[in-house]
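Here are my notes after going through the model you sent. Have it open while you read.

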Amino acid sequence: MRVTVIGTGYVGTVTGACLAYLGRQVSCVDTDAEKIAKLQRGEMPIYEPHLKELLCAAAARGGIDFTTELAPAARESDVIFIAVGTPPRPNGEANLSYLETAARSIGAAMDAARFRVVVNKSTVPVGCGNLVETLIREGIREAHGGDEKRIEFGVASNPEFLREGCAIADSLYPERIVLGAEDGRTMETLRELYRPLVEQKFDAPPEVPRPERITRVPLVATSLTSAEMIKYAANTFLAMKIGFANEIANLCEKVDADAIEVLAGIGLDSRIGAKFLNAGLGWGGSCFAKDISSLLHTAQEYGYQARLLEASLAVNRAQRQVVIQKLQEKLFILKGRTIALFGLAFKPNTDDLRDAPSLHIAERLLQLGARVKVYDPIAMPACRAQNPELRIQYCDSPFEAAQEADAVVLVTEWDEFRRLDLARIASSMHQPVMVDGRNLYDPQTARRAGFDYSGIGRARAERPSGPAPQ
Ligand SMILES: NC(=O)c1ccc[n+]([C@@H]2O[C@H](COP(=O)([O-])OP(=O)(O)OC[C@H]3O[C@@H](n4cnc5c(N)ncnc54)[C@H](O)[C@@H]3O)[C@@H](O)[C@H]2O)c1
């Protein structure tokens, strides 16, 4: 089975690599010639652990190539994935221009030589399956005139649930595969494509071993519209869950309860679950705000007020301000102070800075007259390139960032930060104030190291007891 993946971003490159690893012959297409040239040279355009190794193995198995030419690749393929970006417009609705261009180009490339399935992997508003089908038909009509009835294709939705930073494991051992289609032939083609994943009948790559619990992956077959809705419902729920943890943490601070203890206490309830139930300085990344805004836009189109979704956005916006308030409480004046930010990426193990809380916090601190020093193990080159106007000082180590600073803010919980010599950092600072925006450190350990420590939702009192239940 031959596959084309359109878009070589975080989703497209990983999808292409995994399908080729499973034995499919894959062409990855992008309009960004620089990205394609890098991939052809074996360089990674994004930071994703184990992607490079997987691409090497994929080339040896099914075979994978990279090109800017969509038409020849699409013509030779049985399945064509659309994995282009769907960024938000200022009014919250998804910008579908990349998707529309891709769909028309697929239509123009099609011929009657085979039945093809076009799969929406991009996160798209409900109804985009229909839109893509119409655009493909228009593309066919423009390229082939009245001949279009001979050309057969199906459209499906296959939303992506990978998490940046562990995208390979999420793609090879997913918790579920969701397929939305309206006809049997389309669904059968995709079932066949994903059979090795569903049955888990492939040798796991040594660097990304198969978790023991994974023996078979559930495949959820739905209508097109349901599949599109599942993606939005999943992301909005996850964002809401983090927002809930943050709201509870803020209340914990008021009454001097400890959010770590409280969230551990409720997370053990299997109806709630402990994952994604951590307090912090709020979520970021390319998906949550975009997807909530897009679903809100759909709700508006249907005259429905989705109050929980509105609240999720508002709670997260406010949570980023919590760090600034904590700094103001400790330092009173921020003008002329130096604040060190540990971490820029929106989460560990990625270089992705889209909607990263670090950027919001840095901009706010600069507006308030503070100097901002930053250190991130991976995301600094991307930050420099994408935000040339941001007047922050990039440092080569956390120690350099903290030197003579008035406060440190832990923004991204990179593993490297877990193992820091906190006493060395505290002693090098002008004032050893720490705002731990991810509750990474044990408050007592940080205080013993010399820090004036505050986390998010942590109790003020020292606890005689041991750690909270896991
Ligand atoms: N990043 C994630 O963690 C994640 C997870 C799940 C779903 N998604 C969704 O997947 C989609 C892609 O996300 P991403 O993070 O990979 O985006 P990205 O911005 O990293 O990559 C998109 C790529 O598409 C290319 N492109 C745009 N128009 C094109 C065209 N007409 N032909 C060929 N290439 C084209 C761009 O040049 C870019 O390289 C989005 O809808 C996103 O919401 C992303």
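1. Ground rules. This is a predicted model, in which local features need pLDDT of at least 70 and side-chain atom pairs count only at pLDDT 80 or more, while totals for chains, interfaces and linings use all residues. Residues are numbered from 1 along each chain as its sequence is written, and side-chain values use heavy atoms, with hydrogens and water left out.

2. At T31 it is a polar backbone atom, 3.4 Å from a ligand nitrogen. The protein buries 89% of the 850 Å² that the ligand exposes when taken alone (areas by the Shrake-Rupley method with a 1.4 Å probe; for residues, only the protein chains shown count as cover).

3. Make-up of the shell. Helices are DSSP runs of H or I with at least four residues, strands are E runs of at least two, and both are numbered from the N terminus.

4. Strand β7. Is β7 (177-181) enclosed or open? Five of its five residues are buried, so the strand is largely enclosed by the rest of the structure (buried: under 20% relative accessible area; exposed: over 50%; partly exposed: in between; 1.4 Å probe, protein chains only). I177, L179 and A181 cover one side, V178 and G180 the other, and all are buried. β7 runs antiparallel to β6 (153-157), with two bridges between them; A156 has A181 as its bridge partner. With β8 (219-222) the pairing is parallel, through four bridges, and V178 is bridged to V220.

5. The six-stranded sheet. Here the order is β11-β10-β9-β12-β13-β14, in an open sheet with parallel pairing (strands pair if DSSP finds at least two bridges between them). β11 (393-394) and β14 (452-454) are at the edges with a single partner strand each, so one side of each has no neighbour in the sheet. Four bridges link β9 to β12 (407-410) in parallel, and the partner of F342 in β12 is L410.

6. N316. This residue sits in helix α12 (307-331) and counts as buried at 5% relative accessibility. Its side chain reaches the backbone nitrogen of W283 at 2.8 Å. For polar contacts the rule is a pair of N or O atoms within 3.5 Å; within protein, one must be able to donate a hydrogen and the other to accept it, and residues adjacent in sequence count only if both atoms are side-chain atoms. Leaving out residues up to four places away in sequence, N316 touches G282 and W283 (contact: heavy atoms within 4.5 Å).

7. Positive phi. Please look at N349 and N439. N349 has phi near 65° without being a glycine; N439 is not a glycine either, and has a positive phi of about 50°. N349 lies in the loop between β9 (338-342) and α13 (357-367) and is partly exposed at 34%. N439 lies in the loop between β13 (433-436) and α18 (443-448), and is buried at 12% relative accessibility.
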